[in-house]
Structures are given as C-alpha cells and as structure tokens.
Amino acid sequence: MTAKREAAPLATLRLDAGLHAIGATGAVAAAGVLLAMQEDSLLSPVYPVKAVAWLVCALALAWPALAQHLPQRRIGPANRVTLFRAGLVALVAAAIGEPLMAHDQGGGSALTPWVLFATAAICLALDGVDGWIARRRKVASPFGARFDMELDALFVAVLSLAALDAGRAGGWVLVAGGLRYAWVLASWIWPLLARPLPASHRRRAVCALGVAALVGALNPVSAVAGTISAVLAVAMLTASFAIDLVLVLRKRADDGSAGGDTDNTAHAGRGPS
C-alpha cells in the first residue's frame, strides 16, 4: 500500500509530462508543415518529420530525470518554457540538410531562412527565462535544471551543425557543439571531471555570447559575417572550457596537497547531473 501511495505522484507527473510532450509534438509538426508549405519555401516535404524526430530526441535526453521533479505533480510554467524552447530547437535542427542551408540569400527574398534565423534568435532570447520563472515561482527542481542544461547543449550542437551545413564554417565549428559532450564522455574515464564546478558568472556570460555568435553565423544576409561569428563562438566556448579544465586540475592539486577530499555537491557543473 505504501509503495502504491509513493508511486501515485510519479504516475501523475508522468501523465502530465506525457500530455505536454504530445501537445508539443503536435505543435512542432504543424509548424513544420506550415513552413514547408510556403509558396517560396526551400524546405523539403520531410521537414516536419525531421522536426518531430529532433524534438523526440531532445525530450528523451531529459525524460530519465523526470522523477527528480517530485514532489511536484505538474511540470509547471518554467518547464513549459523549456519545452517551448525545445520545439524551437527542433525546428532549427530539422533545417540541417535542407536546400536553404546552402542557399546564399545575399540579403535574399526567400522568407524561410529569415523565419528559421528568427526562430533560433527567439530560442536564444528565452534562455534563462525558464530558470527565472522557476526561482520566482519557487518550483525549481533538479529535473528542470537537467532539462535546461541538456537542451542548451543540444542547441549549441544544432547551431554548430547548421553553420557547417550552411557553408558558414568548416568542420572546426563542430568543436563548439561537441565540447560539453566530450567533457561528459571524459568524465566517465576521469571521474574528477564529473565533480560539479563552482557557479561562475564568466561561464554563463561566455556561454550566452558563444550561443549568440552561433546564431549570428546563420544570418541570411552575409556569409562573411556568419563565418566571423562562428570563429568567435568556437574561440569563446573553447577558452571557457579550457579555463574550467584548469580549475579542475588546480582543485585536484589543492586537494592532494591538503591530503583529503572536499564535498563536491554544492554547485552545478559541466558534467551530468
């Protein structure tokens, strides 16, 4: 009986999250169809299917952590914002491999590239809004933080792939999208990297500027400006990760010289939560 009582809140939460996921999937599919059906659209008929597939991938990254949202039984307003951002990321990601990504608008007439560029910009502008709402409404949870972190990492990876596909950068731009995933993989081999890092205004600022530069790389006006933006993004994000790696190494040296270990549960870092 006790087990059933404990399982009930999680079942309710899963139902609520599932219904929101279904609604988001339908909205993304509808938006994809509308974009693909534009008279001057450069999108293929499979674009809506790709958008839905990307959204499913984004949700799958966060779903295993859903139980960490308990005792709340609804995903709440903050996670709805994150879910909305996930839909925007899916719409941008689905454009990878589409003809418009390699189409030099040169200030061009086609509307679709501008819509997708605006979609990426809106997603960037909403970053941080979900966390602000969670703190203001006192509904913050480890799940919400995990959902936001995984989506941010996916967004950077998508923007990197899109910049490469659009011809705005070479393969080097994938460094920006792969940094966080490389850190997580390395942490499986070297557990020291899995330790949470102290909160950092520098890290947050560089991340925001780096993502903004990647969004700028997709501008439909100037390929040259897009390439410069991509270079800046890779440089900023790589430097930020390098600084964090140095901090980890120094912390290890300090712990070793002190002859002990310290509590590592205080702050969020780059590794998996």
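## Chat about a predicted helical model

Colleague: To start with the annotated stretch 114–133, how far apart are the end C-alpha atoms, and how much is helix?
Modeller: The end C-alpha atoms of residues 114–133 lie 29 Å apart, and the span is 90% helix and 0% strand, where helices are DSSP runs of H or I with at least four residues, strands are E runs of at least two, and both are numbered from the N terminus. This is a predicted model, in which local features need pLDDT of at least 70 and side-chain atom pairs count only at pLDDT 80 or more, while totals for chains, interfaces and linings use all residues. Residues are numbered from 1 along each chain as its sequence is written, and side-chain values use heavy atoms, with hydrogens and water left out.

Colleague: Which residues does the UniProt "transmembrane region" annotation cover?
Modeller: According to the unreviewed UniProt entry, that annotation covers residues 21–39, 51–70, 82–102, 114–133 and 228–249; such annotations may be inferred rather than shown by experiment. For residues 21–39, the end C-alpha atoms lie 30 Å apart, with 84% helix and 0% strand.

Colleague: Switching to the backbone, which peptide bond is cis?
Modeller: The bond from Leu70 to Pro71 is cis, with omega near 10°, and Pro71 is found in the loop between α2 (47–62) and α3 (76–93).

Colleague: And where is Lys138, buried or exposed?
Modeller: Lys138 is found in the loop between α5 (129–136) and α6 (142–165), and it counts as exposed because its relative accessibility is 77%, given that exposed means over 50%, buried under 20% and partly exposed in between, with a 1.4 Å probe and protein chains only. Lys138 also has a positive phi of about 55° although it is not a glycine.

Colleague: What about the nonpolar core, which residues touch the most other members?
Modeller: Of the 61 residues in the largest nonpolar core, those are Tyr47, Phe155, Leu159 and Leu214, a core being a set of buried Ala, Val, Leu, Ile, Met, Phe, Trp, Tyr and Cys residues joined through side-chain atoms within 4.5 Å. The most comes from α6, with ten residues.

Colleague: What does Leu214 touch?
Modeller: Not counting residues up to four places away in sequence, Leu214 touches Val156, Leu159, Ser160, Val173, Ala176, Ala233 and Leu237, with contact meaning heavy atoms within 4.5 Å.
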